[in-house]
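Dear colleague,

I am handing over the structure we spoke about, and below it you will find an account of what came out of going through it. Please read the notes with the coordinates open beside them.

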Amino acid sequence: MFSFALKKIGTFICSLLIFISTTLIISAQNSPIVENNFEKGVEKWEARGERVSIGSSKDQALSGTKSLKISSRSANWQGSQLNITKILSGGKAYNFTVSVKLAKGEKPDDIKMSIQRGDTNYDTIGVARVNSDDWTTISGRFKCSGSDPYMLVYIEAIRANTSYFIDDFKIENAGDDIPKQTGVILQNDFEDMTAQNWVVRGDAAEMFSSNAGGSQSLKITGRTQNWNGLALDVSPLMFKGRTYQISISARLLKGQKSDSLKVTMQQTPPKGEAKYIEVTLPKTVTDAEWTTLSGQYTVTTSDNNLLLYVGAEGATTSYFIDNFSISVLGTTATINQSQLNLPKSAELGIPSLYKSLADYFPVGVAIWKGDLEGEHAVLVKKHFNSITSENDMKFESVEPMEGKFTFEAADAQVKFAKANGMKIRGHALVWHEQNPKWLFRDLQGNPMTPTAENKALLLKRLENHIRTVVKHFGNNIYAWDVVNEAIDPTQSDGLRKNEWFNITGLEYIKTAFRVSREVAPNAKLFINDYSTTDPKKRKFLYDLIADLLKQGVPIDGIGHQMHENVEVSSKQSVIETINMFSSLKIDNQITELDISIYTDYESKTGFTDFRSIDEKLLIKQGYRYRDLFDAFKSLKGKISSVTFWSHSDDHSWLSKPNKIDSPLLFDRNLKSKHAFWGIIDPKKLPPTPAM
């Protein structure tokens with residue numbers, strides 16, 4: 001197993017452009033500004049390391065009769081270096097070329113050409129596998145900012161004691177020529193047991209070439225944060241105006257719990273902060289098989305350093321990568337401009353959603369940990385004055401083991417909301433999904449059956465859970481979705497025959513509301529469900545609520561999820577539904593609003609790239625949002641809150657690995673869509689499209 005000593009990736013000051021393959025070289029027409037053939041000595045080159053020996057040697061030569069020999073090394077960073085501080089000019093790009101050959105008897109090794117900028121920044125120019133039989137050329141491109149205190153170009157070997165020769169070193173003006181590119185321009189399979197220019201992202205993480213599944217791959221371990229992972233500088237391979245297909249295979253180490261992985265591009269301009277662009281959608285990866293992550297990236301500027309990296313949602317997940325490739329697809333002229341994968345940046349010069357609707361109701365959004373900082377947080381704070389925790393208050397999230405509660409993720413969201421003056425909805429205390437396995441096991445660990453003992457045990461567990469959770473959050477939560485999705489219209493009595501019902505009957509609902517009222521007497525308590533505009537389902541739900549109210553069950557309102565699509569529901573059906581439940585003298589809230597671009601949610605086929613989504617669907621979606629909010633506003637006083645189930649298309653429960661959706665008000669780059677303007681100013685919508 002081959003181990004790599006890797007330096008920390010810091011903030012990039014220079015736009016470093018690397019050519020991975022020795023065959024991918026941009027030719028310069030100008031004469032070299034530095035050219036060393038070592039015929040007259042070391043030519044200002046110096047030893048890098050106290051005991052390193054360098055000297056002009058007749059033992060080997062590519063051209064002429066001499067080359068520079070480097071020997072007596074004792075560490076992999078040692079070698080030969082040249083001070084280029086006064087040679088390069090800020091803002092200009094340069095091509096670097098050197099030929100390398102190992103000393104006789106040396107085993108093949110990786111030789112790397114790099115630039116040290118100041119005391120702490122190290123940039124790889126190029127690397128190649130070199131042997132003692134042939135000269136190998138290493139080439140790369142470097143753009144200088146002119147702001148570094150000093151710059152050294154140096155040549156080193158991965159093994160600490162390898163001896164080698166260098167010859168025909170050149171620095172040339174690179175110019176601005178863009179090479180022709182077709183098909184696959186880079187492939188990494190790691191079969192040579194090297195990192196092939198991939199580096200570690202994160203101080204504690206370690207990378208190895210690993211024999212996984214019968215062939216070589218890269219293994220990343222020791223991660224401590226979700227942005228830690230494996231990274232590759234792709235700056236030299238990608239050019240403004242071109243679109244590239246990026247693909248990589250990933251697999252978790254044996255015994256690792258399944259996790260969500262994705263590929264991200266870090267764009268670092270010469271001045272200013274780095275921006276992060278999602279190249280692939282997050283995809284579940286396991287330890288059982290290889291999973292392909294694939295996506296497209298369009299280069300929109302030539303002023304950025306481009307660092308591609310693979311990260312996992314879990315902070316400590318260890319994984320393999322293999323079979324990486326970059327292919328040229330085309331130019332932005334063929335791309336749906338409104339769906340480009342641009343840097344994520346919240347729009348500031350547009351109306352605030354919640355302020356625009358302040359006369360009618362608060363406007364909420366479901367959030368997760370990714371919304372608590374950066375541009376996502378900017379967007380949330382601008383447009384919403386209420387939040388719901390998307391998943392972090394659910395049963396399996398807060399009580400994964402019986403009696404063992406964990407509130408860290410939810411507490412962070414509550415803290416964020418309070419700091420920004422937002423109301424907080426709790427979701428969801430009782431549901432038939434996302435429950436821990438222990439919940440429906442009897443005292444012997446067997447699946448529960450409908451017995452008196454199991455009924456008492458389950459209701460006791462439910463009561464303990466609600467008392468602990470609701471008490472923990474206290475008055476911070478003004479409303480709770482106490483019971484979620486209790487209705488199934490395919491059943492003769494309309495009641496969902498889940499494990500709660502099968503073991504306790506309706507007692508689980510009564511207990512949940514009774515205990516919630518005892519612990520949180522000032523909170524509003526809701527029963528929450530979807531498809532409430534469906535006449536059959538809403539009649540079952542209406543009858544259930546009416547019956548429970550007669551029995552004194554403290555239900556304050558109904559939550560209408562409103563997971564809609566571009567065809568349903570009609571404006572009139574929404575009005576009828578709200579008025580129907582208002583007749584019970586209970587509150588109505590829209591709790592999980594989004595509008596899918598698909599009419600068939602169950603279909604496994606659909607768009608796989610945001611840029612291929614038909615603009616007509618997005619316009620039609622804008623009109624659907626317009627109609628829904630016309631209905632909501634016409635019911636003023638009967639709807640006390642409207643909450644969206646996320647805010648932008650880069651994070652939606654409706655998107656799957658092989659079928660993306662675009663159901664929200666803001667696109668994957670956090671820019672407003674027709675959906676947003678359908679609510680804020682419908683006059684800005686394009687004409688209704690013919691479908």
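I begin with Met562, which is buried, its relative accessible area being 3%. Although Met562 is not a glycine, its phi is positive, at about 60°, and the residue sits in the loop that runs between strand E31 (557–560) and strand E32 (563–565). Please bear in mind throughout that this is a predicted model.

Ala428 is part of strand E28, which covers residues 423–430.

As for the chain as a whole, it has 691 residues, of which 56% count as buried, and it contains 11 helices and 34 strands. Taken along the principal axes, its C-alpha atoms fill a box of roughly 100 × 65 × 40 Å. Among the contacts in the chain with a separation of 6 or more, 77% are accounted for by residues 24 or more positions apart.

Two helix pairs can be described in some detail. In the pair made by helix H5 (residues 452–473) and helix H7 (residues 507–519), the axes are 9 Å apart and the packing angle is about 30°; angles under 35 degrees count as roughly parallel, and H5 and H7 are therefore placed in that class. Their crossing is right-handed. On the H5 side the contact is made by Lys455, Leu459, Leu462, Glu463, Ile466, Arg467, Val470 and Lys471, and on the H7 side by Glu507, Tyr508, Thr511, Ala512, Arg514, Val515, Ser516, Glu518 and Val519. Sorted by class, this contact of H5 with H7 comprises 8 nonpolar, 2 polar and 7 charged residues.

The other pair consists of helix H9 (residues 571–582) and helix H10 (residues 615–634), which pack at an angle of about 30° with their axes 9 Å apart, and H9 is accordingly roughly parallel to H10. The crossing of H9 and H10 is right-handed. Here Lys571, Val574 and Ile575 of H9 meet Asp627, Leu628, Asp630, Ala631, Phe632 and Ser634 of H10, and the residues of this contact divide into 5 nonpolar, 1 polar and 3 charged.

Turning to the interior, nonpolar side chains tend to be buried together in soluble globular proteins. The largest nonpolar core in this model has 92 residues, and those touching the most other members are Trp480, Val483, Tyr508, Leu593, Phe629, Phe632 and Phe644. H5 supplies the largest share of this core, with 8 residues. A second, separate core has 39 residues, including Ala195, Trp198, Tyr319 and Val328.

Which residues does Phe632 touch, if those up to four places away in sequence are not counted? They are Phe361, Val574, Ile590, Leu593, Ile639 and Val642. Of these, Val574 is also one of the H9 residues that meet H10, while Leu593 is one of the residues that touch the most other members of the largest core.

Lastly, Glu396 is found in helix H3 (residues 395–398) and is partly exposed, with a relative accessible area of 35%. Not counting residues up to four places away in sequence, Glu396 touches Gln434, Asn435 and Pro436. The C-alpha atoms of Glu396 and Lys382 are separated by 31 Å, the two residues being 14 residues apart along the chain.

With best regards

Methods:
Residues numbered from 1 in each chain as written. Predicted model: local features only at pLDDT ≥ 70, side-chain atom pairs only at ≥ 80, totals over all residues. Heavy atoms only, no water. Helix = DSSP H or I, 4+ residues; strand = E, 2+ residues; numbered from the N terminus. Buried < 20%, exposed > 50% of the residue type's maximum accessible area, 1.4 Å probe, protein only. Axes fitted to C-alpha atoms, helices over the stretch in contact; angles between N-to-C directions. Parallel < 35°, antiparallel > 145°, perpendicular 65-115°, else oblique. Left-handed = near helix turned anticlockwise from the far one by under 90°. Contact = heavy atoms within 4.5 Å. Nonpolar A, V, L, I, M, F, W, Y, C, P; charged D, E, K, R; others polar. Core = buried A, V, L, I, M, F, W, Y, C linked by side-chain atoms within 4.5 Å.
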